[in-house]
Amino acid sequence: MWKFANPIRHRIEETKWPTAEEAARSLLYTPVKIGRLEARSRTWVPAMVPWRATEDGFVTQQNLDWYGRFAQGRPAVLVVEATGVRDIPSGPLLRIGDDRFIPGLKKLVEVVKEASGGETLLFIQIIDFLSVKRRPERAKYFQRFLQIREQHRRAVAEITGEADWSDEHKLRNFLLNASDEVVSAVLDEREREALDFGYRERVTDMHLQHIRELPRELPPIFAAAAERAREAGFDGVELHYAHAYTMAGFLSAQNNRADGYGGSRENRIRLPLEVYRAVRERVGTDYVVGLRFLADEVIAGGSRVEDARYYAVEFARAGFDFLSLSKGGKFEDAQQPKVGQAVYPYTGQSGYECMPTVLSDEAGPFGRSVPLVASIKRAVNDARFTTPVVATGGISTFAQAEEILRLAQADIVGMARQALADPDWFIKVKIGRGNEVRRCTYTNYCEALDQAHRPVTCKLWDRVNLDEPGIATVDDGRRRLEPPAWG
Ligand SMILES: Cc1cc2nc3c(=O)[nH]c(=O)nc-3n(C[C@H](O)[C@H](O)[C@H](O)COP(=O)(O)O)c2cc1C
Ligand code: SF4
């Protein structure tokens with residue numbers, strides 16, 4: 001994980017919680033319109049992948065328990081984890097790329113509606129991602145993966161002074177045993193990256209037909225996924241245009257595609273808008289369609305808040321029902337993975353900005369993205385749109401949430417890790433028992449589990465009451481999968 005050079009350890013300060021009467025009078029607990037729906041309050045649990053689906057993407061009992069447990073806390077909106085829109089294997093991540101996934105998702109909706117007494121709106125985040133391979137063993141890379149080109153032969157001939165490298169086997173062996181310096185001189189930048197980090201596709205790989213075809217392929221795929229979400233009973237869909245994934249790749253200032261879908265901001269937003277229109281056409285105007293995108297990519301040459309402001313206005317103009325903001329979470333600055341592991345987009349500085357910890361700079365982790373979100377909301381409102389804007393990132397107290405709303409920096413307040421630490425936050429605060437909230441310590445034990453593709457839990461509760469009868473556990477009973485019941 002990326003760290004500041006001289007980090008300051010921020011404390012989780014005591015906070016004043018409202019009485020039930022104060023909560024009832026607060027902005028946080030006032031309703032807000034989201035499309036044709038009304039959320040009962042301005043509380044929101046953003047998408048979090050818990051690594052609980054089956055290997056082929058179906059909803060499991062553990063998924064049902066996980067979302068049911070969040071629903072017991074009665075947030076106004078709960079967003080189901082990034083769920084793949086294609087019908088391709090993607091490990092234990094939920095999928096919605098075929099009708100066979102609908103029954104499981106339907107069950108998930110039922111569980112949440114029941115557990116929240118119908119109080120929680122349930123959206124599902126739908127995602128497309130490109131291929132990311134694990135970092136290869138050096139021998140495998142040179143003996144099997146590297147596609148030998150004439151340029152490699154020429155470069156090696158130049159370095160060694162030996163003219164004939166037509167024997168591919170000999171060339172591969174030479175590279176396998178060559179120094180780092182020689183390897184760098186022979187491979188191009190992408191080949192070097194594939195060796196050091198694992199091969200990773202980009203939306204700008206125009207030499208690949210399936211990448212060239214993305215603008216034609218993706219709108220119907222997203223539209224079909226959204227239609228399935230509607231059929232399963234979700235209250236809405238959130239198009240995942242954030243972090244390290246395909247649609248964020250189109251929005252990125254690094255996207256220089258020359259086919260009308262890259263370069264200028266207008267071109268970069270073209271496909272995200274075409275996907276939206278295809279989705280809207282399929283699900284109708286009475287269904288909630290929102291999105292998540294980045295207030296700042298936090299990478300060199302990436303999109304900044306000026307881009308995000310432009311995008312936000314265009315997304316609002318197009319008719320999106322909510323705009324949920326995140327920050328960073330990119331592959332470009334991620335740390336080198338170990339051999340056999342895949343690069344994880346939350347290990348660089350952009351990853352830090354996505355899920356900031358208490359080891360921070362002076363600004364600290366709490367509400368770190370709020371100034372950016374506020375400027376984005378202002379741009380949307382100045383353009384005379386009232387599309388609700390969701391702020392997330394290091395928000396954990398009522399005072400913080402209320403201040404954000406009072407200053408009109410956002411319309412809705414998201415809490416991911418705080419909700420994981422204590423899914424009952426929303427109800428506890430509402431009834432004046434905020435002092436019983438289990439406060440997130442923002443040290444990212446949960447994120448480390450996500451990185452290792454292990455079932456996500458929170459260190460504040462996963463070893464509590466392990467002998468409770470009937471609970472689900474992992475790691476030979478050493479971690480419970482759901483927080484204990486409150487009271
Ligand atoms: C375990 C874990 C999984 C996450 N999965 C997703 C995801 O599927 N989609 C997404 O947009 N963000 C995901 N996030 C990011 C969160 O939604 C949120 O933006 C981030 O944690 C910062 O908010 P917080 O400070 O309230 O935790 C994930 C975060 C965590 C900790
Ligand atoms: S594991 Fe740590 S960072 Fe994650 S939710 Fe729990 S307390 Fe917060």
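In these legends, Ala, Val, Leu, Ile, Met, Phe, Trp, Tyr, Cys and Pro count as nonpolar, Asp, Glu, Lys and Arg as charged, and the others, Gly among them, as polar. The structure shown is a predicted model.

**Figure 1. The residues around ligand 1.** The shell around ligand 1 consists of 24 residues. Pro46, Ala47, Ala82, Ala416 and Arg417 are the closest of them. Two or more residues of this shell are given by each of three elements, namely strand E5 (77-84), helix H18 (417-421) and helix H20 (445-451). The greatest contribution is that of H20, with 3 residues. Sorted by class, the shell around ligand 1 holds 13 nonpolar, 6 polar and 5 charged residues.

**Figure 2**

**Figure 3. The closed barrel of strands.** The barrel is built from 8 strands, in the order E4-E5-E6-E7-E8-E9-E11-E12, and their pairing is parallel. From one strand to the next, the twist averages 30 degrees. Strand E5, a member of this barrel, is also one of the elements that give residues to the shell around ligand 1.

**Figure 4. The pairing of strands E6 and E7.** Strand E6 (residues 121-127) and strand E7 (residues 236-240) run in the parallel sense and are joined by 4 bridges. Within this pair, Ile124 has Val237 of E7 as its bridge partner.

**Figure 5. Helix H14 on the sheet.** Helix H14 (residues 305-318) packs on the sheet and touches strand E8 (288-294) and strand E9 (323-326). The direction of H14 makes about 175 degrees with that of E8. Both E8 and E9 belong to the closed barrel.

**Figure 6. The two domains of the protein chain.** Domain 1 covers residues 8-133 and 204-480, while domain 2 covers residues 138-197. Their C-alpha centres lie 42 Å apart. The protein chain has 20 helices and 14 strands. Its radius of gyration is 24 Å, close to the 23 Å that the globule rule gives for 487 residues, so the chain is as compact as a globular protein of that length. Along the principal axes, the C-alpha trace spans about 85 × 50 × 50 Å.

Definitions and conventions:
Residues are numbered from 1 along each chain as its sequence is written. Chains are lettered from A and ligands numbered from 1 in the order in which they are written. This is a predicted model: local features need pLDDT of at least 70, side-chain atom pairs count only at pLDDT 80 or more; totals for chains, interfaces and linings use all residues. A residue is near a molecule or strand if its C-beta atom, placed from the backbone, lies within 6 Å of it. Two strands pair if DSSP finds at least two bridges between them. Axes are lines fitted to C-alpha atoms, for helices over the stretch in contact, and angles run from 0 to 180 degrees between N-to-C directions. Two residues are in contact if their C-beta atoms, placed from the backbone, lie within 7 Å. Domain bounds come from an automatic or database domain assignment. The radius of gyration is taken over C-alpha atoms; the globule rule is 2.2 Å times the number of residues to the power 0.38.
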